[in-house]
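Have a go at each task before you read its solution.

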Amino acid sequence: GKNKICDDPDSDANKDVAVETLQLYLATVRKLPQQELPNHMTNMEKILQTVAVRCQLPQGFELDGPAEIIDSVANFRRQLAIILRNVSRIFPDNTKQFIKVNLASVIQAEVGKTCEDSCIRVEAAVQMMFELGEAIPGEGSKV
């Protein structure tokens, strides 16, 4: 039979496996000597890019929708926030720069589009900035 974990990349089981894998990786990187950290910069950038895309609310998401869907989305976003905080602890300056550039590019790309088209991307970028502010007290306002 098929491996159920691969059937639906957006399933909660796959999301949980992906988050656990990233958490293990980040825990390992966090323990490395400072001089080895630059070797992981490309991976960190890819993780930040993935978080930026994956923290977007799903198309058709409604705040007054079924509680199960709302809870699932909220839980996944909490997990993404933990990943973002862990990356920001390892690479604080790079994380701040990524979020700053991401927010600016999202806003620039969405100028002139309807809210229905752009609000999801802008909200996700703002959410990442908020999470960074929560992760680095006193630093978030400097982004």
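**Exercise 1: the cavity lining**

Val-51, Cys-55, Arg-77, Leu-80, Ala-81, Leu-84, Gln-127, Met-128 and Glu-131 line the largest cavity. A quick word on the ground rules: this is a predicted model, where local features need pLDDT of at least 70, side-chain atom pairs count only at pLDDT 80 or more, and totals for chains, interfaces and linings use all residues. Residues are numbered from 1 along each chain as its sequence is written, and side-chain values use heavy atoms, with hydrogens and water left out.

Task: work out which helix gives the largest share of this lining, and sort the lining residues by type.

Solution. 
- Step 1: A cavity is a set of points on a 1 Å grid over the protein atoms alone where a 1.4 Å probe fits but cannot get out, and lining residues have an atom within 4 Å of a point.
- Step 2: search the whole structure, and one cavity of 30 Å³ or more turns up. The largest cavity holds about 60 Å³ of space, counted as the space filled by probe spheres set on the points, which are joined across faces, edges and corners.
- Step 3: assign helices (DSSP runs of H or I, at least four residues, numbered from the N terminus). H4 and H6 each bring at least two lining residues, and H4 has the largest share with four.
- Step 4: sort by type. You get six nonpolar, one polar and two charged.

**Exercise 2: the salt bridges**

Task: find the three salt bridges, and say where the partners of each one sit.

Solution. 
- Step 1: set the cut-off. A salt bridge needs a side-chain nitrogen of Lys or Arg within 4 Å of a carboxyl oxygen of Asp or Glu.
- Step 2: take Arg-77 and Glu-123, whose closest N and O atoms are 2.6 Å apart. This pair links distant parts of the chain, with Arg-77 in H4 (residues 67-90) and Glu-123 in H6 (residues 115-135), 46 residues apart.
- Step 3: move to Glu-131 and Arg-85, which meet at 3.1 Å, N to O. Here too distant parts of the chain are linked: Glu-131 is in H6 and Arg-85 in H4, 46 residues apart.
- Step 4: finish with Asp-93 and Lys-96, at 3.8 Å between the closest N and O atoms. Both lie in H5 (residues 92-110), three residues apart, about one turn of the helix.

**Exercise 3: buried or exposed?**

Task: classify Asp-93 and Lys-96 by relative accessible area.

Solution. 
- Step 1: buried means under 20%, exposed over 50%, and partly exposed in between (1.4 Å probe, protein chains only).
- Step 2: Asp-93 comes out at 57%, so call it exposed.
- Step 3: Lys-96 has 16%, so that residue is buried.

Note on methods:
1 Å grid on protein atoms, 1.4 Å probe; cavity = no way out; pocket = protein on both sides within 12 Å on 5 of 7 lines; lining within 4 Å. Nonpolar A, V, L, I, M, F, W, Y, C, P; charged D, E, K, R; others polar.
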